[in-house]
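Please examine the sequence and the three-dimensional model shown below. The paragraphs that follow lead through its packing, residue by residue and then helix by helix.

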Amino acid sequence: MSPVVMTATMDQGVAERGSPKQPSKQPSKHRIARLARPGLGLLLPVGLALFWEIAVHLGLSNGRLVPPPSVIFNTFTDLARTGELQQHAAATLWRVGWGFVFGVASGTIVGAIAGYSALTYRLVDPTLQGLRAVPSIAWVPLFILWFGIFEASKIILIAVGVFFPVYLGVMGAVLSVDRKIVEVGRAFRLSGFAMIRRILLPAVLPAYVLSLRAGLGLGWMFVLAAEFLGASSGLGCLLIDGQQLGKPAQIVAAIVAFAILGKLSDWFIVLVTAPFLRWEDVVLRK
């Protein structure tokens, strides 16, 4: 090899290796951006609250029917000081939690079977689609007759609300699994368990997580219908008391409590399921 060729080769190798890499500042920027994301979600509600507080302070509204945030905060403080807020929030969380567990379990099982079996799909799905259109309040008198006015009827009503989004999500995800992916698994002679773990579960999981979040949202809606009738505790009772006693601040405080608890529970699902969805190659990562 000529000296010219050797020199060119050595120069190319040095260029490929390059100089020692400097510590990148990109991870720190990503960390700051990740910490700032929750703050962005607070801009809209905080901005609206400040706008309404200023409007009431300037006399543009008397704030009687829609109290300003300062009055709502004082109502929160008074309810927390007496322990009513914690008691009612704990009762509502307990009902939503158990209703969510039963609704997810039944919706996952029935949705998976209906998605996998064509016979089950044709047999069960039309009836479930019809029942899905029944309003939540229509179930209350029937469940009270069947299960009484105690906790069982409330939990079952919430489970019904959670069931339908989970059922639809699981069934749709199973039906939408790409046939080519399954054929690849069969070509590699994967066992039944390996086929489920390495192909079916990754294909179904993103839609399943979305169905869990949708079911949880309906669970929070159904708990209000359950607590409107025959409940002695819960955030729904705060709403009823505020209506009967003419306390709009208490009504708004209960609504805000529903919103906070619902958002925290939804965030918990996202946090728990995030490690299982890191493999996704999506265009935009939220």
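I156 is in contact with F143 and F147, its neighbours within four places in sequence being left aside; contact means heavy atoms within 4.5 Å. The place of I156 is in helix α7, where helices (H or I, at least four residues) and strands (E, at least two) are DSSP runs numbered from the N terminus. With a relative accessible area of 27%, I156 is partly exposed; buried means under 20% relative accessible area, exposed over 50%, and partly exposed in between, for a 1.4 Å probe and protein chains only. The C-alpha atoms of I156 and A226 are 9.5 Å apart in space, although 70 residues separate the two in sequence.

The model is predicted: local features need pLDDT of at least 70 and side-chain atom pairs count only at pLDDT 80 or more, whereas totals for chains, interfaces and linings use all residues. Residues are numbered from 1 along each chain as its sequence is written, and side-chain values use heavy atoms, with hydrogens and water left out.

In overall terms, the chain contains 11 helices and 0 strands. Of its 286 residues, 32% are buried. Among contacts between residues at least 6 apart in sequence, 69% join residues at least 24 apart.

Helix α7 also holds S153. Which residues does S153 contact, once neighbours within four places in sequence are left aside? They are F143, F147 and G148. S153 is buried, with a relative accessible area of 6%, and its side chain reaches the backbone oxygen of F150 at 3.0 Å. This is a polar contact, that is, a pair of N or O atoms within 3.5 Å; within protein, one must be able to donate a hydrogen and the other to accept it, and residues adjacent in sequence count only if both atoms are side-chain atoms.

Helix packing comes next. Two packed helices are described by the angle between their axes and the distance between the axes. The axes of α5 (residues 118-132) and α7 (residues 151-175) come within 11 Å and cross at roughly 145°. Such axes are lines fitted to C-alpha atoms, for helices over the stretch in contact, and angles run from 0 to 180 degrees between N-to-C directions. The crossing of α5 and α7 is left-handed, a term that applies if the near helix is turned anticlockwise from the far one by less than a right angle, right-handed being the clockwise case. On the α5 side the contact is made by Y121, D125, L128, Q129, L131 and R132, and on the α7 side by F163, F164, Y167, L168, M171 and L175.

The interior can be followed through its nonpolar cores, each a set of buried Ala, Val, Leu, Ile, Met, Phe, Trp, Tyr and Cys residues joined through side-chain atoms within 4.5 Å. The largest has 32 residues, and those with the most contacts inside it are F100, V104, V166, Y208, L212, W220 and L235. Elements giving two or more residues to this core include α4 (84-116), α7 and α9 (192-228). The largest share, 8 residues, comes from α9. V104 touches V162, V166, Y208 and L212, apart from its neighbours within four places in sequence. Another core lies apart from the largest one and has 14 residues, among them W139, L157, M171 and A225.

Helix α9 is also the place of G219. Is G219 buried or exposed? G219 is buried, with a relative accessible area of 1%. Not counting residues up to four places away in sequence, G219 touches V96, I158 and V162.

Beyond α9, L229 lies in the loop between α9 and α10. At 40% relative accessibility, L229 counts as partly exposed. L229 touches V140, I144 and K154, residues up to four places away in sequence not being counted. In α10, the buried residues are L235, G236, C237, L238, L239, I240 and G242. After α10 comes G246, whose phi is positive, near 70°.

Finally, T273 lies in helix α11 and is buried, with a relative accessible area of 14%. A polar atom of the T273 side chain lies 2.7 Å from the backbone oxygen of I269. The backbone oxygen of V270 lies 3.4 Å from a polar atom of that T273 side chain.
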